[in-house]
Amino acid sequence: MIEQHTFFDSETSQPLAARLRPTSLDEFFGQKHLLGAGKILRRIIEGDNVGSMILWGPPGVGKTTLARIIARKTKSEFIDFSAVTSGIKEIKQVMEQAESNRRFGQRTILFVDEIHRFNKAQQDAFLPYVEKGSIVLIGATTENPSFEVNGALLSRCKVFVLKALSSEELTELLTRALKDERGFGEMKVEIAPELVEAIANKANGDARSALSTLEMAVLNGEFDGEKTIVTAETVEQCTQRKSLLYDKSGEQHYNLISALHKSMRNSDPDAAVYWLARMLEAGEEPLYIARRLIRFSSEDVGLADPRAVELAVAVYQACHFIGMPECSVNLTQLVVYLSLAPKSNAMEVAYNTAQDDAVNMLAEPVPLAICNAPTKLMRELEYGKGYKYAHDYKDKLTAMQCLPDSLKNRTYYRPTEEGLEGRFKTRLESIKEWKKAHSDDK
């Protein structure tokens, strides 16, 4: 659960990404906005003024590597701590060790990978040790720390946002891997520049993924007795899985979420589950899918089945609690439910229609009858005059006008007959009939 590093571990048989792991800021690829000459994080590290921080960014951008460079630069003991496999007991053990180090004048950097996976109680356990300086906490997360790290701990940490590496940066990294003796520098590898670029382009900004693909391509290259030749066919085979899946920020990403959405809208659970599996097996973040399903529950189901949005929110929470691969079955349950639910887009149509009027008629005044009148002046100006409190009336209804005069009698919500929405339609029609009968305009 807890792994301590001395930085002198053997590199024998290590993967390429591990062998090429940067040991200094000068070797570090990417994050120029933080680590370029004169930039804030570089100044903090080089000045040995490192405090507790959160490194927020996508996978494979160097969060763990940066933490280790910081530990090396500051000559601190570095403890690698996983939020996935550790609990309160392990936290206390590490804190005792860090406190002992402090008494002997040694600083401890505690690196917590996936810190967002800790619950509030686990995160709170760090607080007293961060406050008194027993540890310098460096947390890494792929999730927005504003939502995933509790406020008390977050307020004591500086948040640094790491960005996905560009294709150019990844190409440079892969080129170095081919020349560096820690990589394939001692081998004669023949690979066309455009193939190196192809590997970089398919890595989705993830250095670890790019290096792993290059390693696979080289190890499966054709050896002719003097050199290893990496062909286009070899690269294609090594990147086939990614090609069949999708780039999370590219066209296929949007094509697949569209396919999922439209299959559910068409009440086709088999197709919907297939597209769900395609996305999850590609490595899509389950919370992204869950958020889209919450939207679908109101956009395409709405009041035809009011429970749909309740289930969608519950499944989002399930995905948050247990993550992949366990939450795949929760998402499947929701996708099938939404596929079979009665459909209504009345909520979507209502808002879009109202949105057009709201944007094009921004200056329409609120009717005075439904304005608040907390002051004497406002009452003198007839704010709230004529307001009718519905609960004071027998039918709990009034014919009071709530839209601006220019939009009087405008209709936005047009209920369908689908599912439970048929009941809402009947209720709305009776309300409108009552208001028409009791209106001063009749």
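This is a predicted model: local features need pLDDT of at least 70, side-chain atom pairs count only at pLDDT 80 or more; totals for chains, interfaces and linings use all residues.
Which element gives the largest share of the lining of the largest cavity? A search of the whole structure finds 1 cavity of 30 Å³ or more. The space in the largest cavity comes to about 40 Å³.

The lining of the largest cavity is made by Ile257, Leu260, His261, Met264, Arg292, Leu293 and Phe296. Two elements give two or more residues to this lining: helix H14, covering 251–265, and helix H16, covering 286–301. H14 answers the opening question, with the largest share of the lining at 4 residues. By class, the lining residues are 5 nonpolar, 1 polar and 1 charged.

H16 packs with helix H17, residues 307–322, their axes lying 9 Å apart at an angle of about 175°. Angles over 145 degrees count as roughly antiparallel, and H16 is therefore roughly antiparallel to H17.

On the H16 side, the residues in this contact are Pro286, Leu287, Ala290, Arg291, Leu293, Ile294, Ser297, Ser298 and Val301. They meet Ala308, Val309, Ala312, Val313, Tyr316, Cys319 and His320 in H17. The contact of H16 with H17 divides into 12 nonpolar, 3 polar and 1 charged residues.

How values were computed. Residues are numbered from 1 along each chain as its sequence is written. Side-chain values use heavy atoms; hydrogens and water are left out. On a 1 Å grid over the protein atoms alone, a cavity is a set of points where a 1.4 Å probe fits but cannot get out, and a pocket is an open set with protein on both sides within 12 Å along at least five of seven lines; lining residues have an atom within 4 Å of a point. Grid points are joined across faces, edges and corners, and a volume is the space filled by probe spheres set on the points. Ala, Val, Leu, Ile, Met, Phe, Trp, Tyr, Cys and Pro count as nonpolar, Asp, Glu, Lys and Arg as charged, and the others, Gly among them, as polar. Axes are lines fitted to C-alpha atoms, for helices over the stretch in contact, and angles run from 0 to 180 degrees between N-to-C directions. Angles under 35 degrees count as roughly parallel, over 145 as roughly antiparallel, 65 to 115 as roughly perpendicular and the rest as oblique. Contact means heavy atoms within 4.5 Å.
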